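Please read the points below with the sequence and the model open. They go from the whole chain to single side chains.

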Amino acid sequence: MGKSKRDEKQYWLLKTEPGEWSWEDQASNGGLSKWDGVKNHQALKHLKSARLHDLCFFYHSGTKTPRIVGVVTVVREWYEDDVTVGGAVDVQAVGEMRRVVDLKEMKGELKNCTEFRLFRQPRLSVVPVPVDVWEKICELGNGYDGDGVCVSNDDEGDEEV
């Protein structure tokens, strides 16, 4: 029996301004946080589609150099509560990028990638990431701590578990 679409791992990009919630905040919080405050209808639809164990790039926006700085995983799917207007998902830090990947570099390396919504809808705070784009960005950033898969050539054979 094959996997259903719902069972396939999805990949996302979650934007945050470091002055509001930074990678350092995420890491210092035991790596666990509630991802809330998303107002845009399309971004909310994406966030509600995130499933347990999906991986998400942690993207610092609103800076001179917007960039991917880490990876988180979904540890609790969409829920609504009395505290969070509109609901949230919970995410856990997986690891920091070994080398940050900035927007300019992504646009240069992925210039022929028309399906990556970060380029088409740059104001959305939650966007899906196609598998091939995820893999290319991991390659550009030499992977991330704790990936066990995306490692640089220098680390070949030393994969983390």
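1. The protein chain exposes about 9,300 Å², and carbon and sulfur atoms supply 47% of that area. Accessible areas come from the Shrake-Rupley method with a 1.4 Å probe, and for residues only the protein chains shown count as cover.

2. This is a predicted model, in which local features need pLDDT of at least 70 and side-chain atom pairs count only at pLDDT 80 or more, while totals for chains, interfaces and linings use all residues. Residues are numbered from 1 along each chain as its sequence is written, and side-chain values use heavy atoms, with hydrogens and water left out.

3. The protein chain has 5 helices and 6 strands. Helices (H or I, at least four residues) and strands (E, at least two) are DSSP runs, numbered from the N terminus. Along the sequence the pattern is β-α-β-α-β-β-β-α-α-β-α.

4. Of the 161 residues in the protein chain, 42% are buried. Buried means under 20% relative accessible area, exposed means over 50%, and partly exposed is in between (1.4 Å probe, protein chains only).

5. Contact means heavy atoms within 4.5 Å. Among contacts in the protein chain between residues at least 6 apart in sequence, 64% join residues at least 24 apart.

6. Is S22 buried or exposed? S22 is buried, at a relative accessible area of 7%. S22 sits in the loop between strand 1 (11–16) and helix 1 (23–28). Neighbours within four places in sequence aside, S22 is in contact with F58 and H60.

7. There are 6 salt bridges in the structure. A salt bridge is a side-chain nitrogen of Lys or Arg within 4 Å of a carboxyl oxygen of Asp or Glu. One of them joins the side chains of R98 and D147 (3.1 Å, N to O). R98 lies in strand 5 (residues 88–102) and D147 in the segment after helix 5 (131–140), so this pair ties together parts that are 49 residues apart in sequence. R98 is partly exposed at 27%, whereas D147 is buried at 10%.

8. A salt bridge also joins the side chains of E105 and R99 (2.7 Å, N to O). E105 is partly exposed, with 22% relative accessibility, and R99 is partly exposed, with 35%.

9. The side chains of K136 and E109 form a salt bridge as well (3.6 Å, N to O). This pair links distant parts of the chain, with K136 in helix 5 and E109 in helix 3 (residues 103–109), 27 residues apart. K136 is partly exposed at 22% relative accessibility, and E109 is partly exposed at 44%.

10. Salt bridges that share partners join R98, D145 and D147 into one network.
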